[in-house]
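I opened my notebook to look up salt bridges. I wanted to see which side chains pair up and where they sit.

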Amino acid sequence: MKYYVIIPAYNEEAFMSLTLQSLVEQTVLPTKIVIVNDNSTDKTPEIVSEFASKHPFITLVNKKSDAIHLPGSKVIQAFHEGEKHIDDNYDIIVKVDADLIFPKNYFEIIIKHFQSDERIGMAGGFCYIDKNGNWVLENLTDKDHIRGALKAYRKETFKQIGGLKPQMGWDTVDELLCKFYHWKVVTDESLHVKHLKPTGASYNQAARFKQGEAFYTLGYGFLITSVASLKLAMRKGKPSLFLDYIKGFWKAKRENKTMLVTPEQAKFVRKYRWKKMKEKLF
């Protein structure tokens, strides 16, 4: 199975070479790697160019956008730019962050998962972060969720869910739509990926409001949003975030923000979320 990797990158000179080195050392190499340099002001493009000169399957694409980092929109717009530079001759498409170190057999195992069951639509390992010299699980989500930093999609699934949406919540709605269309989402606990820059390290308050907006646009409704907001705030060890998320939800509702899902899909999402909550309680 052929896999293409698209990497949005903004000022990643500290990590870019580590990520690319781990990709060019894979036991099954990607057919294409497209790095989208999104207006970096550091040496990110030079580092990528150096790798591209040695590895013909690596391509550098330069994109101009504003420097404001709002989670979701900026990174997925860069991903969409990368899509313009690939053909349709792949089996798996992968969105990767520029601050990861993959184990050498990562994609060999991911491919085996896709080959084992034609209904597997998405697959991924787990992100680990450095805490005092120890690599520990970055525990922001449940273990049946694939982190946005390392999403791998079967081509048919990717097309059926409509690709990636350029707003916060993209890395939740993709999995919910997978399930809506009866695809399986597989996580592999044996695949430990080093995440060099913890999620949300540079988010400001506007970005935190965006999380509440994401819950609204996912069709959660207020009750599920309240539970999800509390859970996420506690996992991040910052209970005050709960209020930011709730404010973001009501702001999005007042402004009638565009939904990430149709009314039929929203109904499915709420039913699925309640089912998952009940499973955990009982």
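In which helix do Glu50 and Lys54 both lie, and how many residues apart are they? I found both in helix α2, residues 44–54. They are four residues apart, about one turn of the helix. I noted that this is a predicted model.

**Entry: Glu50 and Lys54.** I looked up the contact between the two side chains. They meet in a salt bridge, with N to O at 3.7 Å. I then checked accessibility. Glu50 has a relative accessible area of 47%, so it is partly exposed. Lys54 has 57% and is exposed, because the cut-off for exposed is over 50%.

**Entry: Lys74 and Asp38.** I turned to another pair. The side chains of Lys74 and Asp38 form a salt bridge, 3.2 Å from N to O. This pair links distant parts of the chain, 36 residues apart. Lys74 belongs to helix α3, residues 73–83, and Asp38 to strand β2, residues 32–38. Are the two buried or exposed? Lys74 has 6% relative accessibility, so it counts as buried. Asp38 is buried too, with a relative accessible area of 2%.

**Entry: Lys95 and Asp97.** I looked up the salt bridge between Lys95 and Asp97. Their closest N and O atoms are 2.4 Å apart. Both residues are buried.

**Entry: a network.** I also asked which residues are linked in a network of salt bridges. I found Asp88, Lys155 and Lys159 linked in this way.

**Entry: the count.** Last, I looked up the total. The structure holds 20 salt bridges.

How values were computed. Residues numbered from 1 in each chain as written. Predicted model: local features only at pLDDT ≥ 70, side-chain atom pairs only at ≥ 80, totals over all residues. Heavy atoms only, no water. Salt bridge = Lys/Arg side-chain N within 4 Å of Asp/Glu carboxyl O. Helix = DSSP H or I, 4+ residues; strand = E, 2+ residues; numbered from the N terminus. Buried < 20%, exposed > 50% of the residue type's maximum accessible area, 1.4 Å probe, protein only.
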